[in-house]
Amino acid sequence: MRASVIYRNGYFLSAELSRREIAEVVIEVTNALNINYITYLFRGNDQVRMDMDIEILDKIT
């Protein structure tokens, strides 16, 4: 993904948009390997976004 849009004092929009892509891959791998728990180092809003994306995508697949 490539984007040069910057918002909120220097935060790149591509980082925001990549969260869903990351969550999709995480769900794919965890389902393939029968993994029950996921840990990561996101904090704050990124943590909330990742939690929501993982929960939503896991229910879809």
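Asn34 sits in the loop that lies between H1 and H2, two helices in a predicted model. In the protein chain there are 2 helices and 2 strands, where helices (H or I, at least four residues) and strands (E, at least two) are DSSP runs numbered from the N terminus. Read from the N terminus, the order of elements is β-β-α-α.

Residues are numbered from 1 along each chain as its sequence is written, and side-chain values use heavy atoms, leaving out hydrogens and water. Local features need pLDDT of at least 70 and side-chain atom pairs count only at pLDDT 80 or more, while totals for chains, interfaces and linings use all residues.

**The loop residue**

- Asn34 has a phi near 55°, a positive value in a residue other than glycine.
- Asn34 counts as exposed because its relative accessibility is 65%; exposed means over 50% relative accessible area, buried under 20%, and partly exposed in between (1.4 Å probe, protein chains only).

**The nonpolar core**

- The largest nonpolar core consists of 5 residues, namely Ala23, Ile27, Met50, Ile54 and Leu57.
- Helix H1 (13–32) and helix H2 (45–60) each supply at least two residues of this core, and H2 gives the most, with 3 residues.
- A nonpolar core is a set of buried Ala, Val, Leu, Ile, Met, Phe, Trp, Tyr and Cys residues joined through side-chain atoms within 4.5 Å.
- In soluble globular proteins, nonpolar side chains tend to be buried together.

**Ala23 and Asp53**

- Leaving aside residues up to four places away in sequence, Ala23 touches Met50, Asp53, Ile54 and Leu57; a contact means heavy atoms within 4.5 Å.
- Asp53 belongs to helix H2 and counts as buried because its relative accessibility is 14%.
- With residues up to four places away in sequence again not counted, Asp53 touches Arg19, Arg20 and Ala23.

**The aromatic pair**

- The count comes to 1 aromatic pair, under a rule that pairs rings of Phe, Tyr and Trp (its six-membered ring) if their centres lie within 6.5 Å.
- Tyr40 and Phe42 form a tilted pair, 5.4 Å centre to centre with 55° between the planes; planes under 30 degrees apart count as stacked, over 60 as edge-to-face and the rest as tilted.
- Tyr40 counts as partly exposed because its relative accessibility is 24%.

**The chain as a whole**

- Of the 61 residues of the protein chain, 18% count as buried.
- The protein chain exposes about 5,000 Å², and carbon and sulfur atoms supply 55% of it; accessible areas come from the Shrake-Rupley method with a 1.4 Å probe.
- Among contacts between residues at least 6 apart in sequence, 49% join residues at least 24 apart.
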